Amino acid sequence: MKYRTINEWEHFEFSEAYISEIQKRNGCFQITLDNVTICPANSQNRDIRKMRTNGLLFQIQDGTVESLTEEGYQVYNADGKLLCQYEDRDIPPESWNELLKSFTDGECSLYQAEKTDHVYTMTIDASNDRTYVLRVRGTRDIEEWDKFFNL
């Protein structure tokens, strides 16, 4: 990869990013993302304006999944009357790999991403019309990509 940053998670915007691949490899939790916005404060952004990239490899060193939760939701009828309510549901660890693989169909997006005390929290809008919250603990983050594109 041509460009590389370390611990610059906050210098990217992932709100419209699409997930291409998720895998655990060599002690890293890796996600490949398309349509990622590179902020002007990013150390590799020489144009000092918002740019975009595809094929960004986001790595969390020593990354381990802490939890995967399906967010709850409510169902209303046409008159706005609540029909039923579903609470958040923790996905059991034995189902994590299969569910994470399903996020790589090209239709799942990462619409929110935060980092607090070495825990990376990613909210994923899945193609099954559900939203999931993935929490991965790691020691640092590395971002690599090949090209900058104009917005």
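Mentor: Contact here means heavy atoms within 4.5 Å. Please bear in mind that this is a predicted model.

Trainee: Which residues does M122 touch, leaving out those up to four places away in sequence?

Mentor: M122 touches W9, I31, I60, L110, Q112, A113, Y132, V133, L134 and V136.

Trainee: And which residues of the largest nonpolar core touch the most other members?

Mentor: They are F14, L33, L68, F103 and M122, in a core of 32 residues. Elements that each supply at least two residues of this core include β3 (17-25), β4 (28-34), α1 (96-102) and β13 (119-125).

Trainee: Turning to the largest pocket, how much space lies in it?

Mentor: The largest pocket holds about 160 Å³ of space. Two or more lining residues come from each of β3, β8 (64-70) and α1.

Trainee: Which element gives the most to that lining?

Mentor: α1 does, with four residues. Among the residues that line the pocket are I22, F29, T64, P93, W96 and K101.

Trainee: How many of the lining residues are nonpolar, polar and charged?

Mentor: Six are nonpolar, four are polar and two are charged.

Trainee: A change of topic: what is the strand order in the open sheet of four strands?

Mentor: The order is β2-β5-β6-β16, with antiparallel pairing. β2 (12-13) and β16 (149-150) are the edge strands, each pairing on one side only.

Trainee: Over how many bridges do β2 and β5 pair, and which residue stands opposite I38?

Mentor: β2 and β5 pair over two bridges in the antiparallel sense. F12 is the residue opposite I38 in β5.

How values were computed:
Residues numbered from 1 in each chain as written. Predicted model: local features only at pLDDT ≥ 70, side-chain atom pairs only at ≥ 80, totals over all residues. Heavy atoms only, no water. Core = buried A, V, L, I, M, F, W, Y, C linked by side-chain atoms within 4.5 Å. Buried < 20%, exposed > 50% of the residue type's maximum accessible area, 1.4 Å probe, protein only. 1 Å grid on protein atoms, 1.4 Å probe; cavity = no way out; pocket = protein on both sides within 12 Å on 5 of 7 lines; lining within 4 Å. Points joined across faces, edges and corners; volume = space filled by probe spheres on them. Nonpolar A, V, L, I, M, F, W, Y, C, P; charged D, E, K, R; others polar. Pairing = 2+ DSSP bridges.
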